[in-house]
Amino acid sequence: MKLVLAKQARRPRLEDRWLLRRTLGEALCLTGLDRAQGSGCESEVHIVIVDDARMTELNEQFLGHPGSTDVLAFAFVAEDPLPPDDEVQVAGEIYVCLDVAVAAAGEYGNSLGEECVLYAVHGMLHLLGMDDHEPRQRDEMKAAEERVMGALRERFVLTRIFGV
């Protein structure tokens, strides 16, 4: 599975794009998303870092919720399980709001890199079918996030991603 990363939000500056890509690639493996989408075909997950204005647009357009949110995940189900040879199958898109991450990082004492990676992991778990609407589901999702984030913290210095 290929990871496609785009940063549409202007600030703060992404200091180490390679580290973010490597961390998110490892997160694909740790969550199991790389295997769940079918390892036999070429597929992609897009992770897009957006600002508050863009996240508000997406949240209102697709979920009918006013205002911004931390992360949105959209799973794509292919009508044809085997795309043409020249076509890449997009398994899903994850939108991470940088402005929400900046505020939350300050509130919770995390680095901005750690907060953004957490949101991406949360989105990956949604793409796997996990939900967080009910207390039991929320607990299961939180446990999965903690397991993945713990492993990522051991392997990567997440504070270096944004340098703040």
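Q: Before we start, what counts as a helix here?
A: A helix is a DSSP run of H or I with at least four residues, and helices are numbered from the N terminus. The model itself is predicted.

Q: Which helices each supply at least two residues of the lining of the second largest pocket?
A: They are helix 5 and helix 6, the latter covering 135-155.

Q: And which residues line that second largest pocket?
A: The lining consists of Asp70, Val71, Glu115, Leu118, Tyr119, His122, Asp132, Arg138, Met141, Lys142 and Glu145. By class, 6 are charged, 4 are nonpolar and 1 is polar.

Q: How much space lies in it?
A: The second largest pocket holds about 170 Å³.

Q: What about the largest pocket, what is its volume?
A: The volume of the largest pocket is about 350 Å³.

Q: Which residues lie nearest its centre?
A: Of the 14 residues lining the largest pocket, Leu63, Leu72, His126, Asp132 and His133 lie nearest the centre. Two or more lining residues come from each of helix 3 (52-63), strand 3 (71-75) and helix 5 (112-127).

Q: Which element gives the most?
A: Strand 3 does, contributing 4 residues to the lining of the largest pocket.

Q: How does that lining divide into nonpolar, polar and charged?
A: The lining of the largest pocket has 6 polar, 5 nonpolar and 3 charged residues.

Q: Changing topic: is the peptide bond from Arg11 to Pro12 cis or trans?
A: The bond from Arg11 to Pro12 is cis, and its omega is near -5 degrees. Most peptide bonds are trans.

Q: Where is Pro12 found?
A: Pro12 sits in the loop that runs between strand 1 (2-7) and helix 1 (17-31).

Methods
Residues numbered from 1 in each chain as written. Predicted model: local features only at pLDDT ≥ 70, side-chain atom pairs only at ≥ 80, totals over all residues. Heavy atoms only, no water. 1 Å grid on protein atoms, 1.4 Å probe; cavity = no way out; pocket = protein on both sides within 12 Å on 5 of 7 lines; lining within 4 Å. Points joined across faces, edges and corners; volume = space filled by probe spheres on them. Nonpolar A, V, L, I, M, F, W, Y, C, P; charged D, E, K, R; others polar.
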